[in-house]
Amino acid sequence: MPISEKAQRAWKAGTAVVTAFTAFYSVFCIDYGPGPHVFTGLQSWYRQKIDSILGVDLEATRKRQISDNNAQKNIYGGRGEGTTVEERNDDSNPGGR
């Protein structure tokens, strides 16, 4: 029993939409690991464009992260980053590690 022409057009349109979304997501959104890869330039460009559209100020964000890290280190006596809660609360481990 063959599919009608209308159903074939709908199937083709659906396939095109799913394929386009998969390609977009694969190129711009998937993290392929810490090293550079073939999509690094495109992903960087895309993220910069999205940040500029949304009004994200990268420099202000970096400064805020640095100040948050410094505040965390001050709270935990220099043991804020890269330690577990148990290590921070352990009085017998003054070095934090």
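This is a short walk through one protein chain, from its overall make-up to a few individual residues.

What we have is a predicted model, in which local features need pLDDT of at least 70 and side-chain atom pairs count only at pLDDT 80 or more, while totals for chains, interfaces and linings use all residues. Residues are numbered from 1 along each chain as its sequence is written, and side-chain values use heavy atoms, with hydrogens and water left out.

Let me begin with confidence, given as pLDDT, the predictor's confidence in each residue on a scale from 0 to 100. The mean for the protein chain is 81, and 74% of its residues reach 70 or more. Confidence is highest in helix 1, at 97, and lowest in helix 4, residues 85-89, where the mean is 56.

Now the architecture. The protein chain has four helices and zero strands, where helices (H or I, at least four residues) and strands (E, at least two) are DSSP runs, numbered from the N terminus. Of the 97 residues, 9% are buried, buried meaning under 20% relative accessible area, exposed over 50%, and partly exposed in between, with a 1.4 Å probe and protein chains only. Taking contact to mean heavy atoms within 4.5 Å, among contacts between residues at least 6 apart in sequence, 0% join residues at least 24 apart. The accessible surface, from the Shrake-Rupley method with a 1.4 Å probe and, for residues, only the protein chains shown as cover, comes to about 8,100 Å², of which 60% belongs to carbon and sulfur atoms.

Within helix 2 sits Gln43, which is buried, with a relative accessible area of 5%. Leaving aside neighbours within four places in sequence, Gln43 is in contact with Val27, Phe28, Cys29, Ile30, Tyr32 and His37.

Just after helix 2, Gly55 takes a positive phi of about 80 degrees. Together with Ile53, Leu54 and Leu58, Val56 forms a nonpolar surface patch with about 400 Å² of accessible area. Patches are made of residues with over 30% relative accessible area and no salt bridge, like charges being joined within 9 Å and nonpolar side chains (Val, Leu, Ile, Met, Phe, Trp, Tyr) within 5 Å.

Finally, the structure holds one salt bridge, defined as a side-chain nitrogen of Lys or Arg within 4 Å of a carboxyl oxygen of Asp or Glu. Which residue pairs with Glu5? The partner is Arg9, with the closest N and O atoms 4.0 Å apart. Glu5 and Arg9 are four residues apart in helix 1 (residues 5-28), so about one helical turn separates them. Glu5 counts as exposed at 58% relative accessibility, and Arg9 likewise counts as exposed, at 51%.
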